[in-house]
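Please look over the sequence and the model below before reading on.

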Amino acid sequence: MLAILKARFLQKHRTMAYPKGDPPLLPEKYPGRPVIRESGCRKDCEACSSACPTNAISIGKSGIEALDMGRCLFCRACEEACPDDVISFRGDHRLAAVCRNDLMVRPGDPEEAPMKSIDAGAPFRRSLKLRQVSAGGCGACEADSNVLSTPAWDMGRFGIEFTASPRHADGVLVTGPVTRNMREALIRTLEAVPEPKIVIAVGACAISGGLFREHEEQLSGASSLLEVDVFVPGCPPHPLTILDGLLRIQGRL
């Protein structure tokens, strides 16, 4: 016991200062928000859309029309395939959106999205309890959500916690594409949450179905069953992206 206490004393304070301080440094290979150059796209070139495994890029008569971050796996295959460097990923972790259409990145959009506070209202500003539902996910989005409970992130300092019972929750945080076997469980979980309640879809699978969007055994995301209030894209989203979305729900950013 003394050895444990000594080690903990030597470790000192480990919780990051964010959001009062700078956000933690992200890896160099972290993709972040995509940016599409307004000009330079070849009209007859579909290299980027052909390389995308989830059909996240729509092509029009003049080239790229939009990139859907709700479908995007952030694998950067489109960036590598583009012969003219029209698509690039600039490392911005602020990806959460309250409207599904806000996940569409179009040519000429700014490198840093003009993020606004989602602010779901007074009931959630000082305390936000969530029931996490893994609706057929691979475990990656679940892991990056759960890491926010560790001492380095400590989302509990904002009153944000995962709870075991939906009856003690303010909403549900959904991961996974919502398989048919999880359909009823997800609906019943949300029904058990008292009003007012909030629904957060985390990851490409929960938003659009991800890689298996058209598979007959899944329902292509939470929106097929529930009214989603906040979308957090990624495959999986970085913990900083998830935390950013949660803090915006509370109106802290």
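Of the ten residues of helix 1, how many are buried? The number is zero, so helix 1 lies largely in the open; here buried means under 20% relative accessible area, exposed means over 50%, and partly exposed is in between, with a 1.4 Å probe and protein chains only. Helices (H or I, at least four residues) and strands (E, at least two) are DSSP runs, numbered from the N terminus. This is a predicted model, in which local features need pLDDT of at least 70 and side-chain atom pairs count only at pLDDT 80 or more, while totals for chains, interfaces and linings use all residues. Residues are numbered from 1 along each chain as its sequence is written, and side-chain values use heavy atoms, with hydrogens and water left out.

Methionine 1 sits in the segment before helix 1 (2-11) and is exposed, with a relative accessible area of 72%. Together with Leu2, Ile4 and Leu5, Met1 forms a nonpolar patch on the surface, and the four have about 520 Å² of accessible area together. Patches are made of residues with over 30% relative accessible area and no salt bridge, like charges being joined within 9 Å and nonpolar side chains (Val, Leu, Ile, Met, Phe, Trp, Tyr) within 5 Å; the areas come from the Shrake-Rupley method with a 1.4 Å probe, and for residues only the protein chains shown count as cover. After helix 1 comes lysine 12, whose phi is positive, near 60°.

Which side chain of opposite charge is nearest to aspartate 170? It is lysine 129, 6.8 Å away, and aspartate 170 is buried yet has no salt bridge, a salt bridge being a side-chain nitrogen of Lys or Arg within 4 Å of a carboxyl oxygen of Asp or Glu. In judging opposite charge, Lys and Arg count as positive and Asp and Glu as negative, while His and the chain ends are not counted. Aspartate 170 lies in the loop between strand 7 (160-162) and strand 8, and among the residues that it touches, not counting those up to four places away in sequence, are Phe124, Lys129, Pro196 and Ile198.

By the salt-bridge rule, the count comes to ten. Aspartate 244 pairs with arginine 248, their closest N and O atoms being 2.9 Å apart; because they are four residues apart in helix 7 (residues 239-249), the two are separated by about one helical turn. Aspartate 244 is buried at 1% relative accessibility, and arginine 248 is buried as well, at 6%. In another salt bridge, arginine 213 meets glutamate 214 at 3.8 Å, N to O; arginine 213 is buried, with a relative accessible area of 16%, whereas glutamate 214 is exposed at 67%. Arginine 71 forms a salt bridge with aspartate 68, with the closest N and O atoms 3.9 Å apart, and Asp68, Arg71 and Arg100 are linked in a network of salt bridges.

Some backbone details remain. Most residues other than glycine have a negative phi, and most peptide bonds are trans. Phenylalanine 74, although not a glycine, has a positive phi of about 55°; it is found in the loop between strand 3 and helix 3 (77-81) and is buried, with a relative accessible area of 10%. Arginine 76 lies in the loop between strand 3 and helix 3 and has a positive phi of about 70°. The peptide bond from tyrosine 18 to proline 19 is cis, with omega near 10°, and proline 19 is placed in the loop between helix 1 and strand 1 (34-36). A cis peptide bond also joins cysteine 235 and proline 236, with omega about -10°, and proline 236 is in the loop between strand 10 (230-232) and helix 7.

How values were computed. Contact = heavy atoms within 4.5 Å.
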